[in-house]
Amino acid sequence: MKINQVEGPEATERREVTLILKFCYICSMKRALSILLSGLLVFWACTPQDPDTEQQETIVPPEPEPEPEPEPEPEPEPEPPLNDDTHINGSLLIEGMTGVGLVKNAATGKGVPGVPVSDGYKFTLTDENGVYQLLLDERCRTVYITVPAEFKIPLDEKYHAPAFYSKNPISKTEVNRNDFTLEPLDSPENEFTLVMIGDPQCQTAKGAGYFTKKHGSYPGTIPDIQATVNEGLASGEYKNVYAITLGDIVFDSSNMWDTMRDAMSNVRISSGWLPFFQCIGNHDHTATAAATDDYSATQLYIDHFGPTDYSFDRGRAHIVVMDDMNVTSKLDAAYPDKQTWSFFSGFVPEQWEWLKQDLELVADKESKMIIFCTHVPFREGFPWPVEGTPNIITFCYHGEILSAMTEFHSAELMAGHTHYPACYIHNDYVCKSGRPVMEHIHQAACGGWWNCHSSVTGGPNGYTIYSVKDADVVDWTNKGTGRPKDYQLRVYDGNQLYSGARSYSFNWYSDCNGPNDVTAYGNNQFKGCFVAEVWDDDNTWWTVEMFKDGVKKGDFTRVPDGSTSNMALASYAFNELGKDSVAWTDRTHSHFWYYKPASGNPAAESGWEVVVTHTIPGSGIKRVFRRSTLTTDYSEF
């Protein structure tokens, strides 16, 4: 009988161990050992326990095998250097560009984007990093920026003069780098003040002395500006003050450039430094042996004051300064340089192209004003207009520039050259405000070339101060040097006769001859009349009235331009100053008004007062000036 044999627990245990060992044989030793230990753990966990055993051993499982370490990520590529031979402030330099640089914000250290930069012939803008790059014109002598309205005008440390242009010589063979740093304004200058100074025209140190300090009876132009500006700053009438000359800084005297630069440097006012911007005039084109053409004739000016054509922004005003002198040939002259230049007034094609680019960069013109500064007036041009010819010379881009100005809310032309003040309204050129372009021709700081205290038509030596608010000139004062601000007119007796040491006789109502048969031109309507001389007047925005004992008696009538000389001044110049030229009989712009009292004898009248009212076109402000005494001698000249 066959007996089935049943295996006990021991046999089962042996078989399972055998199977495990066989498995370990297949695996690698390290891996097998791990698996073996795990299997034994399972085996012993499944084996029945002896009930008599009170406590079982605790089996601690092995720690799991660590995860493999991740592969390291690749190192990022380094950022390109911000500044090296190929970059400025992160901008890659373009091969072939010969003018490069950075315009930087002094407060943040970052580049300022969108700043116009010029070489005098074309423009570019700084990029998003504040970097500019230009292929410089071969005629370039300086690189410069248009200072944006939200930044202060940079000043150099030595002269405290505007430092918007490079001073390093321009290389024709190497890359020229010139950087600019701009300090942001605390708040926008929507109100600012401009001091416009015509023709200092200092030929000698003596003339410069009259300009820079009190000297004898001359009060000094610069001290008078400082005192007037400080008074206006204290009262709140003036804010954020800048000065601009309007040409003829020197008088064909290249030895005076250093002196005149110093005269307009480090000028203190109560709010800080007064920056003087400059414009070039015909007598600033030096006629030395080194100057052979218009380009070389401007070199000394550029060396001392920078570019001749430039612009800058203040508040909502775009201010442009340009050279309208084109010299042609040299003439012998009794000046320190022994020669002067003949010239024509206007602009050449490359200047017009420069200006078009400049104006294209002005955004929102219809909400801004343009202030355009030059030496010779647009009204007259050159040669001098004569009877029957237009007042505006239409060639040389005068008409094109006037048309471009009408794209702005308002426009003001500023000029010098004539040595007398005048206002001219360009009625054919109307701006977005509905007002025409206004041209201001300024009296000379030197008057009649530092010979007396008056210009060649009688108004005082001086300058003019303009208050600008938003996009309009809201006030201005034609300020006589050493005179009160309300000194704006004289009143003469039309019957008076004048003479002096040289016994030449003059009256107001007939033509009279001086030395060399120089004719001074009278006006027969003046006989028996009060004659009011109102410098800086025009026939639109001014009224002149006669009052007697506080009651208005009538209006004065303004005589046409070109109709009369200042007969009192002509007599003074010929008889007392010893002059013998037509300069002292100028009648191009006549500032004269007349009123005839019933008596026909002004000297016998009493209780009278002449009241002059000037309405400011840009604001409607009315400024009133009064005079109740006659000028009967030469003391006011």
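Colleague: How many bridges join strand S10 to S23?

Modeller: Strands are DSSP runs of E, at least two residues, numbered from the N terminus. Two strands pair if DSSP finds at least two bridges between them. Here 6 bridges join S10 (residues 191–197) to S23, and the two run antiparallel. Glu-191 stands opposite Lys-469 in S23.

Colleague: What kind of model is this?

Modeller: This is a predicted model: local features need pLDDT of at least 70, side-chain atom pairs need pLDDT 80 or more, and totals for chains, interfaces and linings use all residues. Numbering starts from 1 along each chain as its sequence is written, and side-chain values use heavy atoms, without hydrogens and water.

Colleague: Which sense does the pairing of S23 and S24 take?

Modeller: Antiparallel, over 8 bridges, with S24 spanning residues 472–480. Tyr-463 has Lys-479 in S24 as its bridge partner. S23 and S24 form a hairpin with 2 residues between them. In that turn, Asp-470 has a positive phi of about 55 degrees.

Colleague: Why is S23 described as largely enclosed?

Modeller: Buried means under 20% relative accessible area, with a 1.4 Å probe and protein chains only. In S23 (residues 462–469), 7 of the 8 residues are buried, so the rest of the structure largely encloses this strand.

Colleague: Is Asp-119 buried or exposed?

Modeller: Asp-119 is buried, at 2% relative accessibility. This residue lies in the loop between S4 (116–118) and S5 (123–125).

Colleague: Which side chain does Asp-119 join in a polar contact?

Modeller: A polar contact is a pair of N or O atoms within 3.5 Å; within protein, one must be able to donate a hydrogen and the other to accept it, and residues adjacent in sequence count only if both atoms are side-chain atoms. The side chains of Asp-119 and Lys-122 make one at 2.9 Å. The Asp-119 side chain also reaches the backbone nitrogen of Tyr-121, at 2.9 Å.

Notes. Helices (H or I, at least four residues) and strands (E, at least two) are DSSP runs, numbered from the N terminus. Buried means under 20% relative accessible area, exposed over 50%, partly exposed in between (1.4 Å probe, protein chains only).
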